[in-house]
Amino acid sequence: MDIEHFITEVYQSMQNFQLDDLPGIDLYMDQVLSYLNDKLEISKRHEEDKLLTKTMINNYVKIQLLPPPEKKKYSKDHLLALILIFLFKNVVSMNDVDLILNPLMSDSFNSKDDSLEHAVHIFLEHVQSEKMMKPILKEYEESQKMVKRLTDSPNKDLEILSFISILSYDMFLRKLIIEKLVDSLPKPEKKAEEKAEKEKAEKAKKKEKKQNREKQES
């Protein structure tokens with residue numbers, strides 16, 4: 001296995017991820033799934049992997065992570081938000097995703113200046129630059145040096161293990177930093193209050209149903 005070629009190949013596939021074809025009209029659920037699953041296909045590890053499903057999207061709306069669609073149609077900002085959710089949920093918990101996206105959802109969602117789209121495009125422009133690949137190649141070089149210090153004979157398995165270890169530790173540190181940053185974000189008190197009120201209303205409704213059922217039985 002030519003690891004440098006493998007790294008470059010993965011990087012090139014991510015460079016091909018573009019949002020220049022964002023639909024100019026609102027979409028129904030099936031259209032959203034078709035567009036996003038095709039767009040995110042490069043992240044599939046196995047052919048049968050389900051990247052995004054109707055149940056997932058409905059759950060995001062249910063927990064107020066994603067604003068509800070209007071007349072069963074999803075806007076361009078819904079698509080952008082779903083892409084960000086997909087990216088973040090592979091790194092941090094859904095509660096953290098909620099905290100990260102809350103400012104965007106409240107301030108930029110469906111705004112006239114397309115601020116959410118601009119933010120995502122700026123992000124893509126940064127992560128797709130060649131300088132993002134250089135640290136990974138540097139880490140691979142370090143793994144090769146580590147193996148050479150351990151043994152004089154070439155050992156590809158040990159080289160791969162070393163490289164995976166370096167990448168894993170790097171990811172571990174980055175995840176810790178992300179979690180510290182998330183913990184520093186202000187908590188969306190309004191959303192918490194709305195959730196509490198909703199739960200209170202549901203409990204009252206269940207209690208009323210139970211009382212009506214007991215009356216009918218008596």
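This is a predicted model: local features need pLDDT of at least 70, side-chain atom pairs count only at pLDDT 80 or more; totals for chains, interfaces and linings use all residues.
**Close-up 1. Gln64, in the loop between helix H3 and helix H4.** Helix H3 covers 54-62 and helix H4 covers 76-89. Gln64 is not a glycine, yet its phi is positive at about 65°. How accessible is Gln64? Its relative accessible area is 27%, so Gln64 counts as partly exposed.

**Close-up 2. Tyr140 and Phe163, an edge-to-face aromatic pair.** The model holds two aromatic pairs. In the pair formed by Tyr140 and Phe163, the ring centres are 5.3 Å apart. Which helices hold the two residues? Tyr140 sits in helix H7 (residues 134-150), and Phe163 sits in helix H8 (residues 156-183). The pair therefore ties together parts that are 23 residues apart in sequence. Is Tyr140 buried or exposed? Tyr140 is buried, at 3% relative accessibility. Phe163 is buried too, with a relative accessible area of 7%.

**Close-up 3. Tyr169 and Phe172, a tilted aromatic pair.** The ring centres of Tyr169 and Phe172 lie 6.4 Å apart. That is within the 6.5 Å limit for a pair. The angle between the planes is 35°. Tyr169 is exposed, with a relative accessible area of 51%; the cut-off for exposed is over 50%. Phe172 has 48% relative accessibility and counts as partly exposed.

**Close-up 4. A positive surface patch of lysines.** Which residues form the patch? Its members are Lys203, Lys205, Lys206 and Lys209. One of them, Lys209, is located in helix H9 (residues 189-217). Lys209 is exposed, at 52% relative accessibility.

Key:
Residues are numbered from 1 along each chain as its sequence is written. Side-chain values use heavy atoms; hydrogens and water are left out. Rings of Phe, Tyr and Trp (its six-membered ring) pair if their centres lie within 6.5 Å; planes under 30 degrees apart count as stacked, over 60 as edge-to-face and the rest as tilted. Helices (H or I, at least four residues) and strands (E, at least two) are DSSP runs, numbered from the N terminus. Buried means under 20% relative accessible area, exposed over 50%, partly exposed in between (1.4 Å probe, protein chains only). Patches are made of residues with over 30% relative accessible area and no salt bridge: like charges are joined within 9 Å, nonpolar side chains (Val, Leu, Ile, Met, Phe, Trp, Tyr) within 5 Å. Accessible areas come from the Shrake-Rupley method with a 1.4 Å probe; for residues, only the protein chains shown count as cover. A salt bridge is a side-chain nitrogen of Lys or Arg within 4 Å of a carboxyl oxygen of Asp or Glu. Lys and Arg count as positive and Asp and Glu as negative; His and the chain ends are not counted. The place of a charge is taken as NZ of Lys, CZ of Arg, CG of Asp or CD of Glu.
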